Structures are given as C-alpha cells and as structure tokens.
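Here is a short briefing on one protein model. Please look over the sequence and the structure before the notes.

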Amino acid sequence: RVEGAASRTRRRRKASALASAMTASLCWARPKGGAWVLAERTESGDVILPDGRTLDTLETAAHNVSHTLNLDDPTYMDDLHEAPLLDLLRRRFQQGTIYTWAGPDVLLSVNPFRTIPRLYDLPDGWRRAATAAAERKSSSTPPHVFSVAERAWRSVLSAAGTPQALVCNGESGAGKTEACRQMLRFIAHASADCRAVSAAAGGAKEEASKLEDAVLNTTCVLEAFGNARTKHNHNSSRFGKLTCLGVTPHGKGGVVSSCSFRTLLLERSRVAGQAAGERSFHVFYWLLEARGLDPDSYAMLGGTARSPAPPAATEAADTIYAASEEEAEGEAAEGRPEMDAKLAGGAEGEAAESEAAPGDTIADDPIAGGTDDGEVKTEAGEAAPSSELAVVEAALAALGFSAADVAGVWSTLLGLLELGNVAFIAPGGEGDSVRSEGGGSSLVEEAAPLERAAEALGVPAAKLQKALTMRTHTALAGRGSSSQIPLSPSEAAEARDALTRHLYQHVFDFLVLRLNAHLAPPSSGGKGGEEARSLMLLDIVGFEDVGSNSSSCSNSLEQLLINYANELLQRLFNAHVFEREAALYKAEGIDDAAVSYTSNDAVLAVLSAAPYGLIPLLEEQGKLGERGSSAAFSLEVFRHHGRTRHVAKPRRLSAGEADGRVFVVSHFAGDISYDSRHFVEKNVEALHKDLHDLLPLLAGYAKVVLATTMPTAPPPRWGKKKTAGKKVPSATAKIRGSFGISSTFTSQANALLETLQSGTPHFVRCLKPNSAQTGGDFDSALVLAQLNSLGVLETVRIRREGFPVRTDFAEVWALGWAAVVRVTPQASRLSAKQRAEAVLQRLPRDMWKLGHTKAFLRDGALGLLEAELAAEKAGSATAIQALARRRRASSQATLLAEARAKEEEERRAAEAAAAAEKAA
C-alpha cells in the first residue's frame with residue numbers, strides 16, 4: 001500500500017508538471033551577470049530557469065520556434081537578437097561546426113582550439129560543388145572560409161572584374177592567421193588547377209608556374225619574423241598585412257600572376273622587451289635553437305643575466321659573422337645585380353636562379369605556418385624533419401634568397417641579440433668596465449657583448465660604444481655650436497633599445513621588399529595583354545584591450561593605433577552592411593528611409609581630426625623636440641576633450657597609475673583605457689644624431705639591408721645641423737622628426753581604407769570561444785563582447801530596425817489563405833502578390849511591405865499570421881466537431897424515435913392480438 005501511494009504521488013506530480021509545461025511559454029532569460037538560457041514563462045508571469053530557480057532580477061527576451069533550428073545563417077531567424085545568435089553559435093561549436101554565415105558576405109569563424117578532421121581537405125569536387133551552390137544563391141553555399149574565397153575568386157573573374165577584398169579580423173587568438181592562410185591556400189589551388197586544365201586542354205606543353213607555391217611560401221617567412229607568443233595566443237600576428245594578388249583571366253578560369261604585401265605597424269617594441277608570460281618574435285628562438293644557444297642568455301628575450309655567451313655560442317656566432325661579412329662584401333662589389341633587377345621590375349631578376357640553402361625542402365603545397373602551440377608544420381600537419389628554422393630557410397631559398405642572404409640575415413639577428421646584452425653602469429661602478437670617451441658618461445659593464453655586436457654589424461666597437469653612451473647636441477640658435485652630452489645608464493639603455501628596434505624594423509622591411517620583388521609580375525616587354533585584376537586579403541588584429549579590466553592599465557600607443565585602424569574598418573563594415581540593406585530595399589521598390597546605422601565618425605574625429613585629435617596632439621609634442629613630453633600630451637588630451645563624451649578619466653585608478661596619466665576612449669567596441677606614459681617617446685622612436693650617423697658606417701649584411709630599405713640617409717630626429725649660408729626654416733628647426741610613427745600609420749591606414757573601398761568587401765569575423773585556449777569551452781559573455789566589437793550585433797540591429805523577415809509570397813498565402821478565402825472566396829484566383837497582400841492587410845500597416853519578389857515583415861508579423869491561422873484552424877475544427885456532434889445526436893434521436901415508434905407499434909400489435917384472442 002505504501003509503494004502504491006508513492007507511485008500515485010509521482011504520477012500526480014508528473015501530470016501536474018506536464019500540465020504546467022503545456023500552459024507555459026518559452027522565453028530567453030539572463031540572470032544578472034550570467035548568460036542567456038532558454039526558460040519557461042508560466043501563465044502567472046513567473047520565469048522558471050532550467051535548474052528550477054525563479055529569480056526576480058532577470059532580463060528576458062522573446063523566443064521563437066526558429067531559434068531552435070540549426071541554421072547556417074541566423075539572419076533567417078524570426079525575432080533575431082543576441083540570445084538566439086549566441087545559442088546557435090554555441091550549439092554549432094559543440095558539434096564541431098565552427099563556421100556560420102551572418103548575412104550574404106559575413107562569415108563568423110569560432111576558433112575550435114583543436115584539430116577537426118578533414119576541415120580543410122580540398123577534394124577535387126569541392127570547388128565544383130561550392131561553385132554550383134554559389135550560382136544558385138549565397139545562402140545555399142556551405143559556411144566555410146573556402147566559400148568566401150571561392151565567391152571572391154569568381155567575382156574577380158566575372159565580366160565586371162570588380163576588385164575584391166577579403167577582410168579577416170578579430171582579437172588575438174581568434175584564428176585570423178589560420179583563416180587567412182586557408183583562404184590563400186584555396187586561391188593558390190584554384191589558380192594551379194586552372195593552369196593544369198589549360199595545359200591539358202591546349203595540347204601545347206605549358207610549364208607550370210611556381211608562383212602559387214611562392215605565394216604560399218611567404219606565409220611561414222612573414223609569420224616567423226612578424227608573429228610571437230602572447231598571453232592570448234601562441235602564434236599571434238604582431239603586424240597588419242594586406243596581401244595584394246594580381247589575377248589574370250586564363251582559359252575558363254584565372255591564374256595568380258603577381259603578389260605583393262603591404263604591412264602596417266610591426267610591434268617592434270617587442271624586440272627590446274616583452275611583458276611577463278610573452279615572447280619576442282618566433283625567429284629569434286628558432287635561430288637560437290638551431291645554433292644550440294640558450295634564449296635565457298639574451299636579455300632581449302627575457303634572460304635574467306647579461307653575461308657573455310658560452311664559448312660554443314661565441315665560436316658559432318663568429319663563424320656566421322665572418323661568413324656573412326665576406327659574402328655581403330662580395331655582393332656589394334658585384335653591385336647585387338639580381339636584387340637591383342628585381343627591385344626595378346626587370347626580367348633578369350625573374351630569370352635569375354638562387355642558390356638553394358641547405359636543409360629540408362618544403363612540400364609542393366607548403367603551409368609552413370605556426371599552429372596553436374607555436375610549432376611550425378607542413379600542410380600535412382607533420383612537423384618539419386629538421387627544425388622550424390629549416391622550414392623558414394627552405395622557404396627563403398624558394399623565394400629567391402641565396403645562401404649568403406640567409407646567412408646574412410641570421411648574422412644580423414644574432415648581432416641584435418648581442419646588442420641587447422650590452423649593459424651600462426654609472427661611472428665608478430665595479431666590474432669589467434670599459435671607460436667611454438668623454439668623462440662622466442655611462443660605462444659598458446661587459447666588453448664581450450659589445451664587441452660581438454659590433455663585429456656582427458660591421459662597425460668598430462669604439463664607435464658603437466660612443467654612439468650608445470654620448471649624444472651630440474647642436475644649438476639651434478647662434479652659430480649652431482655642438483657639444484657632447486653624456487648619457488645616463490637608463491638613457492644609454494634606451495638608446496641601445498631604440499637602435500635594436502630600428503634595425504629589426506629594417507630587417508623586416510627588407511624581407512618584405514625582397515618578397516615583393518620576387519613575386520612581381522614579369523616584364524611584358526611591350527606586348528599587350530589583359531590587365532591583372534585585384535584580389536586583396538587583409539589580416540589585422542581586431543580591437544585590442546590588454547589591460548582596461550585588470551588591476552592596472554597596460555594599453556599604450558600600439559593599442560591606440562591598432563584600435564584607430566579598427567575604427568576605420570568598422571566604418572567600412574557598418575557602411576557596407578547598411579548599403580547592402582539599402583540596395584536590397586531599392587531593388588524591391590521599398591522606401592529605406594527608416595533604416596540607419598550607428599556611425600563612429602565622432603570617435604574617428606576625436607582620434608585623428610586636426611588640430612586637436614589625439615594623434616595630431618601627439619605629433620605636436622614630437623615637433624617640440626626635447627620640450628615635448630608624454631605628460632604634456634596627457635594634459636592636452638584632457639584640455640581639449642575632457643568634457644566630451646568620447647574621452648574621459650577612469651573611474652578608478654590602481655596604485656601604480658597616476659591621476660591625469662590615464663585616459664579612456666569610448667570606442668565602437670566599448671570603453672578602452674590608455675596609459676600615456678612613453679607615448680611621445682614611442683611615437684618619435686628617437687635615434688639621436690650620433691646613432692643616425694652610425695648607420696652609414698655599418699658593414700656586413702646590415703649594410704645590404706639598409707641600402708635596400710633606406711637608399712638615402714634620413715635626417716636626424718634630434719635637431720638638424722644648420723647649413724652654412726642658409727637659414728634653417730623655423731618650421732623644421734625644432735622638430736625631432738617630420739613625421740612620427742602615428743602620423744605614418746594613420747596615412748597608411750587611410751590609404752588602406754581607400755584601397756578596400758575600391759572593391760567589394762567580404763568579411764570573416766573571427767571569434768575566440770574562451771580565454772584559456774581550450775577546446776570545447778564556450779564562454780558566452782566573452783563571445784558576446786566580441787560580437788559587439790566586431791559589429792555583428794550592429795548588423796542584427798540594422799536588420800531588425802528595418803524589415804528583418806523576408807519571405808516568399810507563397811509562404812504568406814500558406815499562412816493566411818484560410819481567413820481570406822472565408823471572407824473573399826475569389827481570392828484564390830488572384831496573382832501571388834495580390835494573394836499575399838490580401839493576407840497581410842489583416843495585420844497593422846506598419847508591420848509589412850511588399851516588394852517586387854518577396855514580402856518584408858517586421859519581427860512578430862509571421863507570429864501573428866501563424867496565431868491567426870491556428871485560431872482559424874481551431875475555429876474550423878470546433879465547427880466541424882459541432883456539426884459532427886449535431887449530426888450524431890440527430891442520428892441518435894432518429895434511431896431512438898424509430899425504435900420507440902417500432903416499440904409502440906409492436907405494443908399496439910400485441911394489444912390488438914390480445915384483444916382479439918380475448919374476444920375469441
């Protein structure tokens with residue numbers, strides 16, 4: 001009896017819960033500080049979370065049955081907002097589907113932080129399937145980076161030949177580098193396939209070009225010199241890169257005929273020092289590993305002791321230095337004809353063959369880039385047989401670098417590492433010190449690193465030491481007399497770091513120039529031909545905030561410039577999405593006056609508009625020479641922008657932050673704080689006059705590098721010597737440099753924006769699912785912040801502000817025909833558009849508009865039609881049921897009457913028979 005009672009209680013509770021669920025409606029709910037979850041709203045208005053809790057402080061949003069579908073494109077959802085978008089991305093991420101459309105030309109990519117089998121396989125039929133799908137409509141194309149590349153490839157080869165731009169961005173660790181690498185790989189395969197098909201069909205033997213392989217080889221080279229391990233990513237790109245491909249129609253397709261690179265803002269401050277838990281550029285560690293050297297022995301890489309390198313290291317370095325110097329002198333004596341021809345665009349350089357460097361060769365389709373763990377691997381995913389450096393050396397050899405070139409670059413980098421080991425002490429310090437010329441200046445603590453650095457750079461050690469510890473000051477007034485100013489140990493260390501950063505920037509620029517020369521189109525020799533079309537691929541980090549939410553602000557000038565570039569890209573993205581919506585409305589004959597988008601022009605004006613934008617104010621401090629300072633820049637910022645809504649002081653300051661030094665900018669991505677310390681110094685990147693005068697004295701391969709990147713010596717940044725007989729113009733007499741880093745970068749960024757605006761953009765928005773870089777974890781709050789900063793939620797808002805639901809006339813008729821036919825029976829004979837209009841007239845007029853080919857509805861319109869259809873069906877069902885019951889009751893009554901009549905007849909017959917029998 002006890003078990004029976006418990007069973008009955010469970011059944012009653014289950015029935016009660018079922019009844020409650022049947023009377024409840026689903027909704028989205030978010031507890032304070034939590035994530036969106038699917039909850040139930042009862043008839044009484046209570047919201048029940050999945051764990052059974054009912055909270056008073058809940059944010060709720062509408063739920064639609066389309067929110068539970070596994071759609072490739074969430075813009076086809078009804079009543080779309082951030083909750084179902086996040087839920088869809090989470091569900092697809094957990095299924096291993098990392099790509100999702102967010103409209104016709106926006107792809108969302110979530111970094112899986114794990115290997116997904118066959119994700120980037122390129123079977124022969126893949127391109128044909130993607131092309132066939134793309135010819136039908138964009139929404140039917142599977143979401144993938146290959147689909148984006150395929151669409152851009154087909155568009156650039158179309159009759160119009162409009163330039164195409166693939167814009168890939170996201171925060172560090174979101175997978176930008178891999179996405180760009182795979183799109184470039186797809187394009188290279190498409191070009192190689194076209195060459196192969198053309199050669200097979202033409203009968204004539206066509207020599208397969210190695211340009212596609214060369215383009216892919218550049219990936220590992222630029223990543224080695226421009227990528228580094230950070231707290232957020234083991235292979236983070238620390239520079240922006242625009243890859244410009246020249247595409248020429250060829251046969252039934254097209255081929256890549258040229259390639260060039262434009263780079264933006266290499267984070268060269270990382271060369272001299274890194275934050276805790278981060279590393280310098282990959283190439284330093286790979287080079288030391290290949291030479292058997294310990295990175296901890298080098299202060300530039302975070303080494304604790306500035307001691308001489310081990311004997312084995314010294315011998316290896318000396319051997320490399322000597323070989324490099326001899327080879328570089330030989331090249332200089334010969335005039336470097338190969339390099340000169342390449343830079344001049346001549347055919348001789350194209351035909352010149354480079355000497356192969358020793359080491360393993362890269363596969364036919366090399367993707368020797370960094371993986372999530374920073375390890376360089378080939379396309380097949382197998383580690384290089386020798387070392388990461390061997391892969392880079394093989395790629396350099398394939399890209400036209402001789403063995404002498406490669407050895408010279410390594411020698412220069414080792415020289416920079418030795419230069420970073422040069423330490424300074426105040427006069428009178430103890431140790432193996434070497435006294436500098438000019439009493440009172442700093443002393444070099446250890447002579448050995450200085451001598452090795454000087455030998456690698458091909459300059460006398462005494463001159464290098466003097467340039468690092470003394471500064472020549474030329475008076476701007478009077479006769480321009482000069483004086484020698486000794487530098488303190490900290491000033492000498494800053495001069496050393498500035499020289500190191502300066503030289504590494506030249507090495508990086510040298511590599512880019514050589515790559516561009518090697519990949520330049522061959523000279524046509526005056527022959528006519530179709531002009532190459534432009535296909536661009538931009539890889540740049542998204543909005544960066546490395547410390548606003550931590551105990552102290554870590555954002556500096558580099559982050560400000562990166563975020564300025566992202567503001568420009570965001571304006572391009574917002575305008576493109578809005579223009580796409582406006583074009584659709586115009587094509588359908590619908591007024592788009594009600595649609596608008598959030599403009600970030602005010603933020604861009606605060607950052608760059610003359611004369612009081614943040615960047616012009618920073619440049620002005622640089623022009624003040626030694627009178628300019630970062631503290632003065634901060635004061636100017638608050639003086640001109642302290643009362644605006646886009647610049648403010650932080651609400652709370654940590655113990656290490658001085659009041660007035662930190663300012664907050666309201667970016668499109670949110671509020672980001674910046675510490676103005678060293679802004680002016682970083683912007684000017686001052687090499688004082690003695691260091692500038694030292695550059696022409698460099699020998700060895702450093703001389704080859706500088707001769708390529710700066711054929712004419714630049715003017716010194718710390719004052720200019722007065723020319724005899726000529727008056728120095730007052731406008732330039734007191735400046736450190738005509739243009740600082742920020743001015744140069746803004747010019748490059750605006751030129752980049754103009755280049756992108758000349759073509760049709762395709763966006764790949766990369767998302768990082770969690771900060772721990774672990775597979776399977778999806779942090780909804782983190783992803784939501786990225787969706788906001790990348791403008792994806794703005795895209796959703798633009799669609800919702802207009803008519804986000806677009807559906808065919810037939811679907812509208814299917815939802816409302818019952819109600820219309822009941823009132824207007826002849827409506828079924830109308831056209832499809834007229835039938836849809838007859839249905840929609842039952843809704844408020846501001847909820848719908850009819851285009852030429854489809855109906856445009858507000859959020860909730862389809863729900864009203866579905867509810868009306870359900871009510872109409874329910875009414876019809878009730879009427880049918882009533883009719884059936886009435887007929888059944890009538891039938892039963894008739895049968896009953898007949899039975900009673902028969903019974904009465906039988907009774908009467910029986911009575912008559914009884915009466916007759918009685919009478920008888």
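A residue is called buried under 20% relative accessible area, exposed over 50% and partly exposed in between, using a 1.4 Å probe and protein chains only. On that basis, 49% of the 920 residues of the protein count as buried. The model is predicted, so local features need pLDDT of at least 70 and side-chain atom pairs count only at pLDDT 80 or more, while totals for chains, interfaces and linings use all residues. Residues are numbered from 1 along each chain as its sequence is written, and side-chain values use heavy atoms, with hydrogens and water left out.

**Overall fold**

- The secondary structure comes to 30 helices and 25 strands. These are DSSP runs numbered from the N terminus: helices are H or I with at least four residues, strands are E with at least two.
- Contact means heavy atoms within 4.5 Å. Among contacts between residues at least 6 apart in sequence, 68% join residues at least 24 apart.

**Helix pair α14 and α15**

- The axes of α14 (residues 447-457) and α15 (residues 461-469) come within 9 Å and cross at roughly 110°. Axes are lines fitted to C-alpha atoms, for helices over the stretch in contact, and angles run from 0 to 180 degrees between N-to-C directions.
- The two helices α14 and α15 are therefore roughly perpendicular. The classes are: under 35 degrees roughly parallel, over 145 roughly antiparallel, 65 to 115 roughly perpendicular, the rest oblique.
- From α14, Leu 450, Glu 451, Ala 453 and Ala 454 meet Ala 461, Leu 464, Gln 465 and Leu 468 of α15. By class, this contact has six nonpolar, one polar and one charged residues. Ala, Val, Leu, Ile, Met, Phe, Trp, Tyr, Cys and Pro count as nonpolar; Asp, Glu, Lys and Arg count as charged; the others, Gly among them, count as polar.

**Enclosed helix α27**

- Seven of the ten residues of α27 (residues 792-801) are buried, so this helix is largely enclosed by the rest of the structure.
- The buried residues are Val 792, Leu 793, Glu 794, Thr 795, Val 796, Ile 798 and Arg 799.
- They pack against several elements, among them α2 (82-94), α17 (557-587) and β22 (760-767).

**Annotated binding site**

- An unreviewed UniProt entry annotates a "binding site" covering Gly 170, Glu 171, Ser 172, Gly 173, Ala 174, Gly 175, Lys 176 and Thr 177. UniProt positions are in the numbering used here, feature names are shortened, and annotations may be inferred rather than shown by experiment.
- Ser 172 sits in the loop between β7 (164-170) and α5 (176-202). At 7% relative accessibility, Ser 172 is buried.
- Beyond its neighbours within four places in sequence, Ser 172 contacts residues including Thr 230, His 232, Arg 238 and Lys 768.
- The side chains of Ser 172 and Ser 236 form a polar contact of 3.2 Å. A polar contact is a pair of N or O atoms within 3.5 Å; within protein, one must be able to donate a hydrogen and the other to accept it, and residues adjacent in sequence count only if both atoms are side-chain atoms.
- Gly 175 lies in the loop between β7 and α5. Gly 175 is partly exposed at 22%.

**Backbone exceptions**

- Most residues other than glycine have a negative phi, and most peptide bonds are trans.
- Phe 113 has a positive phi of about 55°. Phe 113 is buried at 13% relative accessibility.
- His 678 has a positive phi near 70°. His 678 is partly exposed at 48%.
- The peptide bond from Ala 610 to Pro 611 is cis, with omega near 5°.
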